[in-house]
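Student: Hey, can you walk me through this one? I'm new to it.

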Amino acid sequence: MISNALLASTGITLALLFLLLGQLRFLIPYRSLLIHHDGTTILLCIDVLLLNLTAALFTFERRFFLKDTGRKLAHFDRELNAGRTPMPPYLHREELQ
């Protein structure tokens, strides 16, 4: 799940960067000055954006894609303990505990 969130946030960040690069063409003559003077700050802001997007997408995935997982697992555990779920012959209940 973390890898999915990181991949999606990387794609969104790259899309935003390309959009900004297209909109800020008037700054091209000052490129070396901006990189030399503010390069560290720009990279730090991009890193914080990437981290925040990753956290937001991870939270979104947990909220909407893992809905009712605990309830489903509890139901499966109750069925397993009641003996209604067929177990493979090589797996015995004594080995599970």
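Student: Which helices each supply at least two residues of the lining of the largest pocket?

Tutor: Helices H1 and H2 (31–65) do. This is a predicted model, where local features need pLDDT of at least 70 and side-chain atom pairs count only at pLDDT 80 or more, while totals for chains, interfaces and linings use all residues. Residues are numbered from 1 along each chain as its sequence is written, and side-chain values use heavy atoms, leaving out hydrogens and water.

Student: What counts as a pocket or a helix here?

Tutor: On a 1 Å grid over the protein atoms alone, a pocket is an open set of points where a 1.4 Å probe fits, with protein on both sides within 12 Å along at least five of seven lines; lining residues have an atom within 4 Å of a point. Helices are DSSP runs of H or I, at least four residues, numbered from the N terminus.

Student: Which helix gives the largest share of that lining?

Tutor: H2, with seven residues.

Student: And what is the pocket's volume?

Tutor: About 580 Å³ for the largest pocket, counted as the space filled by probe spheres set on the grid points. It has 14 lining residues, and the closest to its centre are Leu21, Leu24, Leu27, Leu34 and Ile42.

Student: New topic: which residues make the nonpolar surface patch?

Tutor: Ile12, Leu16, Leu19 and Leu49 make it, over about 320 Å². Patch residues have over 30% relative accessible area and no salt bridge, and nonpolar side chains (Val, Leu, Ile, Met, Phe, Trp, Tyr) are joined within 5 Å. A salt bridge would be a side-chain nitrogen of Lys or Arg within 4 Å of a carboxyl oxygen of Asp or Glu. Helix H1 (residues 2–23) gives the most, three residues.

Student: Why does Leu19 count as exposed?

Tutor: Because its relative accessible area is 52%, and exposed means over 50%, buried under 20%, partly exposed in between (1.4 Å probe, protein chains only).

Student: What about leucine 50?

Tutor: Leucine 50 is partly exposed, at 25%, and sits in helix H2.

Notes. Patch = residues over 30% accessible without salt bridge, like charges linked within 9 Å, V, L, I, M, F, W, Y side chains within 5 Å. Areas by Shrake-Rupley, 256 points an atom, 1.4 Å probe, with all protein chains shown as cover.
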